[in-house]
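I opened a new notebook page for this one. My plan is to go from the overall picture down to single residues.

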Amino acid sequence: MATDERTATTSNNAEGASDSEGGTLSRQPSDSSLCQTEDEEDPRVTLGPKMSIRQHLEIDKDDESLRRWKEQLLGSVDASEEVQEPDVKILSLTILTADRCDLVLDIPESGNSDGLWFTLKEGSKYRLRFSIKVSNDIVCGLKYTNTVWKTGVKVDSSKEMLGTFSPQAEPYTHVMPEETTPSGYFARGSYTAKTKFLDDDKNCYLELNYTFDIRKEWPET
């Protein structure tokens with residue numbers, strides 16, 4: 001095992017040196033970039049039948065600690081309702097960075113932004129924050145997937161598990177892990193992207209198509 005790890009490290013260092021000497025853009029993949037995207041199926045996952053909130057509460061009802069945890073998770077949801085499909089709405093996307101004020105982006109109703117949606121500075125560190133409203137029923141395994149293209153070539157693909165959410169009146173807030181925009185001459189320019197929010201049942205609650213730029217500096221406000 002130790003030999004394999006040393007070999008992999010040497011190989012990666014050699015590849016990095018080659019990229020530097022050749023002047024090409026080198027990008028270290030993040031953990032999320034190594035995950036499956038929404039187009040990749042996981043044959044190991046087998047989902048059970050969908051249950052109503054009342055059925056969820058009835059299961060293991062004799063386990064006091066588990067019962068209290070479920071009631072805390074569900075809050076004031078009406079448990080008398082039969083099985084309903086969860087209603088999930090992504091209300092807004094905010095770009096958080098120390099370099100400038102938060103950039104709040106409203107989600108277009110059509111799912112397609114008109115023209116350039118936002119601009120990022122090269123080499124900047126940022127996080128994405130989503131505002132999510134859940135109604136009707138529990139949404140299980142809500143996940144975010146994102147694919148990015150430049151000049152028609154796929155340059156990045158990532159997936160992030162957001163979690164399981166119960167319906168509530170107030171929106172949830174989820175902050176993504178920190179990322180860094182690529183930098184250099186070849187990294188600058190216009191990109192197209194597709195973002196999806198899906199659950200374990202493959203229900204898609206939002207498919208968002210948009211364009212963004214990476215520039216040498218932040219745009220003037």
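**Entry 1: surface.** I began with the accessible surface, which comes from the Shrake-Rupley method with a 1.4 Å probe. For this protein I noted about 13,900 Å². Carbon and sulfur atoms account for 49% of that surface. I then looked up burial: of the 221 residues in the protein, 35% are buried.

**Entry 2: confidence.** I reminded myself that this is a predicted model. The mean pLDDT of the protein is 76. I saw that 62% of its residues reach 70 or more. Which elements have the lowest and the highest mean pLDDT? Helix 1, residues 2–22, has the lowest, at 42. Strand 9 has the highest, at 96. I also checked residues 2–38, where the pLDDT is below 50. Beyond near neighbours in sequence, that stretch has 26 contacts in the model.

**Entry 3: layout.** I listed 3 helices and 10 strands. From the N terminus on, the order is α-α-α-β-β-β-β-β-β-β-β-β-β. Next I looked at how contacts span the sequence. I took those between residues at least 6 apart, and 71% of them join residues at least 24 apart.

**Entry 4: the core.** I turned to the largest nonpolar core and found 33 residues in it. F130, I132 and L142 have the most contacts inside this core. Several strands each supply at least two of its residues, among them strand 1 (87–96), strand 4 (125–135) and strand 9 (189–198). Which strand gives the largest share? I found that to be strand 10, with 6 residues.

**Entry 5: F130.** I then looked up its contacts, leaving aside neighbours within four places in sequence. The list includes I90, S92 and L93. It also includes Y172, T173, H174 and M176. Y144 and F197 are on it too.

**Entry 6: aromatic pairs.** I counted 11 aromatic pairs. I looked up F118 and F212. Their ring centres are 5.3 Å apart and their planes meet at 15°, so I logged the pair as stacked. F118 lies in strand 3 and F212 in strand 10, so this pair ties together parts that are 94 residues apart in sequence. Both residues, F118 and F212, are buried.

Then I looked up F130 and Y144. Their ring centres are 5.3 Å apart, with planes at 45°, so this pair is tilted. F130 lies in strand 4 and Y144 in strand 5, so the parts tied together are 14 residues apart in sequence. Y144 has a relative accessible area of 4%, which makes it buried.

Which residues form one aromatic cluster? I wrote down W117, F118, Y191, Y210 and F212.

**Entry 7: cysteines.** How many disulfides are there? My count came to 0. C101 is exposed, with a relative accessible area of 66%. C140 counts as partly exposed, at 36% relative accessibility.

Terms used. Residues numbered from 1 in each chain as written. Predicted model: local features only at pLDDT ≥ 70, side-chain atom pairs only at ≥ 80, totals over all residues. Heavy atoms only, no water. Core = buried A, V, L, I, M, F, W, Y, C linked by side-chain atoms within 4.5 Å. Buried < 20%, exposed > 50% of the residue type's maximum accessible area, 1.4 Å probe, protein only. Helix = DSSP H or I, 4+ residues; strand = E, 2+ residues; numbered from the N terminus. Contact = heavy atoms within 4.5 Å. Phe/Tyr/Trp six-rings, centres within 6.5 Å; stacked < 30°, edge-to-face > 60°. Disulfide = S-S within 2.5 Å. pLDDT = per-residue confidence, 0-100.
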